[in-house]
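Please keep the sequence and the model side by side while reading.

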Amino acid sequence: MLPAVTDLLRCPHCAAALHHSDRTLRCDSGHVFDVARQGYVSLLSGGGTAYAADTADMISSRTRVLEASAYAPLIEAVASAAAGDVVVDVGAGTGHYLAAAVTAVDGRGVGLDLSKFAARSIARCHPAVGAVVADAWQDLPIAGGVADTVLSVFAPRNTAEFARVLRPGGRVVVLGPGPDHLAEMVDGLGMIGQDKDKAARLEAQFADGFELIDHRDIRAVTAVDRDLAVDVVMMGPAAFHSRRAEIAARAQELDEPLSITVDTTLRIYRLAC
């Protein structure tokens with residue numbers, strides 16, 4: 001809930017501290033932000049966004065996928081990699097990873113996402129989590145040096161801002177796709193494939209100011225039904241280019257039993273002191 005984490009936030013306009021009052025957050029400079037009835041607050045700076053926000057259907061699809069068994073090892077791995085008392089999840093989506101991490105460290109957290117539908121889900125994910133609508137590519141509405149762990153799970157990586165909000169020696173937990181991630185959905189349902197240069201770009205992004213302290217692959221093949229296969233496609237960027245009915249029709253043409261390959265890599269970077 002927002003009152004539990006307001007001290008970790010800052011005004012997106014003047015970077016001053018924010019205070020919780022009734023159903024608003026406000027700074028001493030007079031900027032006021034209304035808290036939505038669903039429990040989240042928008043701290044967008046108004047400077048424009050670099051990417052599209054997830055839709056309600058994408059968040060619903062992702063929720064169903066994350067609550068199935070296929071992604072359980074990923075959630076557990078991210079949670080076990082978190083450390084300290086304060087976790088900030090940048091691009092938090094449904095809040096599943098953040099909730100697990102906050103539970104693991106017995107701390108509190110802030111989930112940031114551009115999507116208001118994601119923020120609604122984040123606001124419900126854990127009583128010690130606050131949900132904020134924000135742009136991951138802009139200055140984050142998080143005070144400097146307050147986070148022990150930053151999560152970046154299939155999400156944008158604004159490493160300069162990660163470094164600013166982390167305490168000395170803090171860590172960034174990055175979970176991203178491997179080359180075979182959800183390959184069956186790429187071939188069978190027209191899902192967007194993985195960028196083969198992603199790993200190299202990731203290393204370059206963290207080359208300045210961070211050191212890699214852990215690296216592990218997490219891979220599993222899991223059976224899914226046709227409905228969940230459609231959700232796997234519709235929870236990601238393919239949803240911006242495809243209609244659910246089209247993907248569902250393609251799924252009916254696939255031979256059962258269906259399966260998906262979860263192929264990911266977990267990396268932990270420590271902020272160099």
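A salt bridge is taken here as a side-chain nitrogen of Lys or Arg within 4 Å of a carboxyl oxygen of Asp or Glu. The model is a predicted one, and a search of the whole structure finds 12 salt bridges in it.

**Salt bridges**

- The side chains of Arg-62 and Asp-54 form a salt bridge with an N to O distance of 2.9 Å; Arg-62 counts as buried because its relative accessibility is 17%, and Asp-54 counts as buried at 15%.
- Arg-219 and Asp-180 form a salt bridge in which the closest N and O atoms are 3.2 Å apart, and this pair links distant parts of the chain, with Arg-219 in strand β10 and Asp-180 in the loop between β9 and α6 (183-189), 39 residues apart.
- Asp-180 has a relative accessibility of 34% and therefore counts as partly exposed.
- Arg-243 and Glu-246 meet through their side chains in a salt bridge of 3.5 Å, N to O; here Arg-243 counts as exposed at 52% relative accessibility, whereas Glu-246, at 33%, counts as partly exposed.
- A network of salt bridges links Asp-57, Arg-64, Asp-231 and Arg-244.

**Sheets**

- The pairing of β10 with β11 is antiparallel and extends over 14 bridges, with Val-262 in β11 as the bridge partner of Ala-220.
- Another open sheet consists of 3 strands in the order β1-β2-β3 with antiparallel pairing; its edge strands are β1 (18-21) and β3 (32-34), and the twist averages 25° from one strand to the next.
- Strand β2 (residues 24-27) pairs with β3 in the antiparallel sense over 3 bridges, and the bridge partner of Leu-25 in β3 is Phe-33.

**Thr-265 in strand β11**

- Thr-265 lies in strand β11, which spans residues 258-271, and it counts as buried because its relative accessibility is 10%.
- The side chains of Thr-265 and Asp-217 are joined by a polar contact of 3.0 Å.
- Beyond its neighbours within four places in sequence, Thr-265 is in contact with Val-174, Leu-175, Gly-176, His-215, Arg-216 and Asp-217.

**Helices**

- In helix α1 (residues 56-66), the buried residues include Met-58, Ile-59, Arg-62 and Leu-66, and the elements that cover the buried residues of α1 include α2 (72-81), α3 (96-105), α4 (116-123), α8 (226-234) and α9 (244-252).
- Helix α2 has Leu-74, Ile-75, Ala-77, Val-78, Ala-79 and Ala-81 buried, and the cover over the buried residues of α2 includes α1, α3, β8, β9, β10 and β11.

**Nonpolar cores**

- The largest nonpolar core has 53 residues, of which Tyr-71 and Tyr-97 touch the most other members, while α8 gives the most to this core, with 6 residues.
- Apart from this core lies another, of 36 residues, among them Leu-8, Leu-9, Val-90 and Val-172.
- Leaving aside neighbours within four places in sequence, Tyr-71 is in contact with Val-65, Leu-66, Tyr-97, His-181, Leu-182, Met-235 and Val-262.

Key. Residues numbered from 1 in each chain as written. Predicted model: local features only at pLDDT ≥ 70, side-chain atom pairs only at ≥ 80, totals over all residues. Heavy atoms only, no water. Helix = DSSP H or I, 4+ residues; strand = E, 2+ residues; numbered from the N terminus. Buried < 20%, exposed > 50% of the residue type's maximum accessible area, 1.4 Å probe, protein only. Polar contact = N/O pair within 3.5 Å; in protein donor to acceptor, adjacent residues only side chain to side chain. Contact = heavy atoms within 4.5 Å. Pairing = 2+ DSSP bridges. Core = buried A, V, L, I, M, F, W, Y, C linked by side-chain atoms within 4.5 Å. Axes fitted to C-alpha atoms, helices over the stretch in contact; angles between N-to-C directions.
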